[in-house]
Amino acid sequence: MGSPLLEVRHLRVEFPTRRGTLVALDDVSFEIAPGEVLGVVGESGAGKSLTGSAIIGLLPPPGRIAAGEIRLEGRRIDGLSADEMRRLRGRHIGAVFQDPLTSLNPLYTVGRQLVETIRAHLPLNERAARERAIALLRDTGIPAPESRIDQYPHQFSGGMRQRVVIALALAAEPRLVIADEPTTALDVSVQAQIITLLKRVCREHGAAVMLVTHDMGVIAETCDRVAVMYAGRVAEIGPVRDVILRAAHPYTLGLMGSIPAMDTQRERLLQIDGAMPRLDAIPPGCAFHPRCPQALEHCRRERPELRPAGATEAACWLHAGAGGRP
Ligand code: SF4
């Protein structure tokens, strides 16, 4: 890939508590190319949403970045002041959260919110900003945008509100949109429409997408590459087709049980027994070993790092190769 749009290197996020420090993200590294759609998938507690929050500077307190770096177009963005981060969020990184009401102010019309966001970041007068807002609402499939722009968020259905949020995220032409479970709060009947819309409008506006979801089916239909997270680390990363058809990590294989088999030659896989460990009880060695049907003795003691495993990269001793262990 050429120069990455986003680079996350050895990111470590900690939560200091009275009983000690909890490590929520540990040595997380990945890149997103301009215009690419990267899926980040895993069970609840895997660290996928926290990764998105760390990038946009919205870690829940007392979380903090303890090590590593985050670069957007080559510029370090971890450690920016709250003001600098706010400007960056509006202008260069758009955000779409699970609940559209998190992003919308119920007291203002959607038009006012769009126009204010546009004018805060782009050199447009009121009239041009309103025209741009109407065009964005039209792009995101809001019918009769010329009149609906003057309505309040509560006058929109859940699916329509999420379309407004996507318009808001794209208002200042950001290079990256981080979408965290953007359809989880919506009716099943509109989920696919919103995902298709998100992908289309981001492509048309030249924005890359980091799509955080627990749903491997959404990843399969939407993403170019996927990072599978487990217990605060990347377990496997690679092109989505390779990860789905030739998953190298036993955890990824388990996640595949939740989507229909695309590869008819593969046997149906079982769901994974057990649960993601709590942050204060992450097992030593490979964190997945208590649930792993292929665990080796060595897996209990030493943590595997990401390394090439066929067409993907996996953090698993089964793919240590000749130079690795065991
Ligand atoms: Fe399973 Fe061992 Fe691979 Fe971990 S390192 S996923 S326990 S085989």
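Reply: D27 lies in strand β2, which covers residues 20–32. The model is a predicted one, and the values below are computed from it. D27 is not a glycine, yet its phi is positive, at about 60°. With a relative accessible area of 27%, D27 is partly exposed. Most residues other than glycine have a negative phi, and most peptide bonds are trans.

E173 is also a non-glycine residue with a positive phi, in this case of about 55°. E173 is found in the loop between α7 and β7, the strand of residues 176–180. Its relative accessibility is 29%, so E173 counts as partly exposed. The peptide bond between P61 and P62 is cis, with omega at about 5°. P62 sits in the loop that runs between α1 (48–55) and β4 (64–72).

Next, the helix packing, starting with α7. Helix α4, residues 110–121, packs with helix α7, residues 158–169, at an angle of about 15°, and their axes are 9 Å apart. The angle falls under the 35 degrees used as the limit, which makes α4 roughly parallel to α7. The crossing of α4 past α7 is right-handed. On the α4 side the contact is made by V110, Q113, L114 and T117, and on the α7 side by V164, A167 and L168. By class, this contact of α4 with α7 has five nonpolar residues, two polar ones and no charged ones.

Helix α7 also packs with helix α8, residues 188–204, at an angle of about 15°, here with the axes 10 Å apart. The two helices α7 and α8 are therefore roughly parallel to each other. Their crossing is right-handed. In α7 the residues involved are G159, Q162, R163 and I166, which meet V190, Q193, I194, L197, L198 and V201 in α8. The residues of the α7 contact with α8 divide into six nonpolar, three polar and one charged.

Helix α4 has a further partner in helix α5, residues 126–139. These two pack at an angle of about 120°, with their axes 9 Å apart. The crossing of α4 past α5 is right-handed. L114, V115, I118 and R119 of α4 meet E126, A129, R130, R132, A133, L136 and L137 of α5. This contact of α4 with α5 is made up of seven nonpolar, no polar and four charged residues.

The core comes next. The largest nonpolar core has 98 residues, and L6, F30, I55, I93 and L176 are those with the most contacts inside it. Helix α7 supplies the largest share of this core, namely seven residues. In soluble globular proteins, nonpolar side chains tend to be buried together. Leaving out neighbours within four places in sequence, I55 is in contact with L6, V8, F30, I70, I77, M85, I93, I178 and M210. Among these partners, L6, F30 and I93 are also named with I55 as having the most contacts inside the core.

Some individual positions complete the account. E181 lies in the loop between β7 and α8. Its relative accessibility is 9%, so E181 counts as buried. Leaving aside residues up to four places away in sequence, E181 touches K48, Q98, V212, T213 and H214. From E181 to Q162, 19 residues apart along the chain, the C-alpha atoms are separated by 11 Å. Q162 is one of the α7 residues that meet α8.

R203 is placed in helix α8. R203 has a relative accessible area of 57% and is exposed. R203 and G35 are 168 residues apart in sequence, but their C-alpha atoms are 6.6 Å apart in space.

G257 lies in the loop between α11 (250–256) and β11 (307–309). G257 is buried, with a relative accessible area of 16%. G257 and G159 are 98 residues apart along the chain, and 28 Å separates their C-alpha atoms. G159 belongs to the α7 side of the contact with α8.

How values were computed:
Residues are numbered from 1 along each chain as its sequence is written. This is a predicted model: local features need pLDDT of at least 70, side-chain atom pairs count only at pLDDT 80 or more; totals for chains, interfaces and linings use all residues. Side-chain values use heavy atoms; hydrogens and water are left out. Axes are lines fitted to C-alpha atoms, for helices over the stretch in contact, and angles run from 0 to 180 degrees between N-to-C directions. Helices (H or I, at least four residues) and strands (E, at least two) are DSSP runs, numbered from the N terminus. Angles under 35 degrees count as roughly parallel, over 145 as roughly antiparallel, 65 to 115 as roughly perpendicular and the rest as oblique. A crossing is left-handed if the near helix is turned anticlockwise from the far one by less than a right angle, and right-handed if clockwise. Contact means heavy atoms within 4.5 Å. Ala, Val, Leu, Ile, Met, Phe, Trp, Tyr, Cys and Pro count as nonpolar, Asp, Glu, Lys and Arg as charged, and the others, Gly among them, as polar. A nonpolar core is a set of buried Ala, Val, Leu, Ile, Met, Phe, Trp, Tyr and Cys residues joined through side-chain atoms within 4.5 Å. Buried means under 20% relative accessible area, exposed over 50%, partly exposed in between (1.4 Å probe, protein chains only).
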